[in-house]
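I opened the model to look up a few packing details. My notes follow in the order I took them.

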Amino acid sequence: MLITEQKLRKDIFDEKNESVAIRVGFGLGLLEAAKKDERVVGLCADLVESTKMEDFAKEFPKRFFEVGVAEQNLASVASGMAAMGKIPFISSYAMFSPGRNWEQIRTTICYNDVPVKIAGSHAGISVGPDGGTHQAVEDIALMRVIPNMIVISPCDSVEAKKATLAAAGNDKPVYIRLAREATPLITTEETPFEIGKASRLFESSKTKNSVTIIATGALVFNALRVAQKFEAEGVGVIVINLSTIKPLDKKTILEAVKETKAAVTVEEHQIAGGMGSAVAEFLAQTFPVPMDFVGVNDVFGQSGKPQQLIEHYGMGEDSIYNAVNNVLRRKHD
Amino acid sequence: MSNLSDDKICELEQTANRIRQSIIAMLVSAGSGHTAGPLGMADIFTYLYFGGMSHDPKNPKWTDRDRLILSNGHICPVLYATMAHAGYFPLEELETLRQFGSRLQGHPHREFLPMLENSSGPLGSGLSQALGMALADRIDYGKQSRKFFFCLTGDGELNEGQNWEAIMMASKEKVHNLIVIVDRNNIQIDGFTEDIMPLNSLRKKFEAFNFHVQEIDGHNFEAISDSINQAKAVYDMPSVIIAHTIPGKGVPFMERDYRWHGVPPGKGPEDFYKKDEQNAKAIDELRSLGGKIKCGDK
């Protein structure tokens with residue numbers, strides 16, 4: 001069952017639950033952050049509307065900069081602004097920022113250790129019809145290997161807003177991963193959010209919990225649906241929303257995994273180097289358990305409907321369900 | 001017509017000569033690093049730190065200082081040496097260049113030496129950073145900003161496409177207090193710039209992007225001073241000073257030879273001197289040059 005203290009939405013599992021694109025939360029968060037703190041500035045690489053920077057740009061024209069289709073310049077101009085005391089948010093599609101400008105992010109932002117906030121929109125395979133060129137499924141890996149960088153992948157629009165506000169109040173470089181498609185709302189304004197803190201959203205009330213699903217981004221919803229299905233079948237499953245991928249909330253992960261002694265990670269990203277890898281790096285050193293990884297398995301995406309692609313590339317509810325069964329079997333072998 | 005007195009020019013020439021000697025000494029001590037570019041840019045760095053910039057070595061974080069953003073970080077021996085001679089840190093520290101734990105990293109790192117404005121090394125990003133700093137300052141002060149943002153870049157570095165992204169935007173934003181100084185020394189690691197990737201007319205390129213363009217002899221203090229004064233007076237566009245310099249300037253056996261781009265004395269080509277003689281000969285050349293400077297060493 002859903003954990004009450006998390007103050008999640010009551011209609012999560014309803015047929016007619018409410019869906020909003022995660023990127024929308026970024027736009028709202030940026031506007032609010034800018035109203036609170038005049039040091040907040042915004043820069044965009046010719047994608048103001050689709051990265052949801054437009055409301056900010058209209059409200060604060062003097063603090064908004066259109067950089068043109070030039071993501072390398074985007075990152076380094078922001079670095080210069082941050083060196084002068086600003087809190088710059090930069091936005092583009094994740095494929096181009098941090099995809100194209102990785103070295104500028106590494107050297108001019110992280111090596112300088114300046115508080116630039118990178119919003120990578122249209123991340124994941126659910127970008128859909130635009131096809132593989134535009135489906136960033138490598139960005140978590142690219143960002144989490146850089147020292148000083150914080151990596152956040154919100155599960156819904158409400159959490160994205162909180163993450164954006166929290167990023168504005170943090171003096172480190174931050175990457176916020178956003179998705180294009182409307183995503184069912186899970187959290188509410190009252191749901192706690194803190195950078196670096198994972199949250200347990202679901203656990204069995206009746207039976208012993210036997211698998212921990214650690215999910216991030218829009219797929220947290222799928223993970224919850226699978227957990228509910230297992231609960232109906234009498235199998236206890238914990239679901240953790242790992243919205244901050246770096247730094248990793250080791251305590252929350254370890255508590256759950258010590259309880260279940262099996263784990264499945266779920267992300268809309270390459271399995272190699274992603275969130276699951278981060279969890280595995282930690283568990284392998286502290287508390288090794290049977291693990292399975294739901295994600296993209298070393299292939300590029302293609303055009304299609306978001307849901308169709310999620311299922312085809314092995315991240316649908318059936319794939320998560322099978323992964324849970326897989327670790328359950330291995331645990332008892 | 002220069003606003004520099006003969007005495008001031010003389011003082012600058014002597015300072016630049018001492019900085020060049022420090023560059024040779026620190027590179028020898030490090031056993032690796034870049035020689036040609038730092039020697040070639042010694043005059044411009046000397047002018048900036050001993051007259052051209054508003055700054056305070058005793059208060060490196062002074063808010064209203066001018067900013068010097070070094071884009072081609074590999075020429076940092078000249079930056080470190082000039083800063084030490086200007087009083088930012090003790091001259092003895094120069095010997096730690098490239099050593100473990102040193103504040104003087106092989107390429108500048110602001111976390112090790114916080115008095116730097118930026119970290120650099122990977123080429124092509126400094127201009128964007130300088131532009132960002134100038135734009136941030138404009139948010140706070142508008143056109144009333146009294147700071148100048150000097151971006152020092154190399155000609156080979158202009159191969160990097162990111163520069164041209166920044167140049168377009170600087171022009172779009174009419175960032176009047178951004179002054180780019182290009183070290184036009186015609187060499188890069190693999191050879192002469194016009195063989196590796198021709199830049200052709202940098203003047204025409206920058207003019208096409210709506211920059212205020214000046215070309216100068218980068219070893220003539222009057223020209224350096226006049227061009228910087230003129231750039232500071234430009235109101236509605238960014239400025240570039242294309243400084244024609246001689247790589248290896250001051251040490252004749254290194255001058256104009258691209259093979260001295262990335263090696264220290266003691267590891268360079270042996271056309272004139274064996275490796276084990278290069279250090280002493282370089283210092284000899286610079287000392288005798290010091291004696292030839294018209295007013296003598298004061």
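Predicted model: local features only at pLDDT ≥ 70, side-chain atom pairs only at ≥ 80, totals over all residues.

I began with the contact between helix H1 (residues 6–30) and H3 of chain B. I take two residues as in contact if their C-beta atoms, placed from the backbone, lie within 7 Å. From H1(B), I list B:Leu12, B:Thr15, B:Ala16, B:Ile19, B:Arg20 and B:Ile23. They meet B:Ala42, B:Asp43, B:Thr46, B:Tyr47 and B:Phe50 of H3(B). By class I get seven nonpolar, two polar and two charged residues. Here Ala, Val, Leu, Ile, Met, Phe, Trp, Tyr, Cys and Pro count as nonpolar, Asp, Glu, Lys and Arg as charged, and the others, Gly among them, as polar. Helices (H or I, at least four residues) and strands (E, at least two) are DSSP runs, numbered from the N terminus.

Residues are numbered from 1 along each chain as its sequence is written, while chains are lettered from A and ligands numbered from 1 in the order in which they are written.

Next, the geometry. Two packed helices are described by the angle between their axes and the distance between the axes. H1(B) and H3(B) pack at about 120°, with their axes 9 Å apart. Axes are lines fitted to C-alpha atoms, for helices over the stretch in contact, and angles run from 0 to 180 degrees between N-to-C directions. The pair is therefore oblique.

How many of the 11 residues of H3(B) are buried? Nine are, so helix H3 (residues 42–52) of chain B is largely enclosed by the rest of the structure. Buried means 20 or more other C-beta atoms within 10 Å of the residue's own; 12 or fewer is exposed, in between is partly exposed, and C-beta atoms are placed from the backbone. Among the buried ones I noted B:Ile44, B:Phe45, B:Leu48 and B:Gly52.

On the H1(B) side I see B:Gln14, B:Asn17, B:Arg20, B:Gln21, B:Ile24 and B:Val28. The contact holds six nonpolar, five polar and one charged residues.

I then turned to chain A. It has 11 helices and 14 strands. 59% of its 333 residues count as buried. The C-alpha trace spans about 60 × 40 × 35 Å along its principal axes.

Where do the chains meet? 25 residues of chain A are in contact with 23 residues of chain B. H3(A) gives the largest share of chain A's side, nine residues. That side divides into 10 nonpolar, 10 polar and five charged residues.

Last entry: A:Ala262. It sits in the loop between helix H8 (250–260) and strand S13 (263–270) of chain A. A:Ala262 is buried, with 23 other C-beta atoms within 10 Å. Its C-alpha lies 6.7 Å from that of A:Lys331, 69 residues apart along the chain. The residues that A:Ala262 touches include A:Ser210, A:Val289 and A:Leu328.

Terms used
Parallel < 35°, antiparallel > 145°, perpendicular 65-115°, else oblique. Lists of a residue's contacts leave out its neighbours within four places in sequence.
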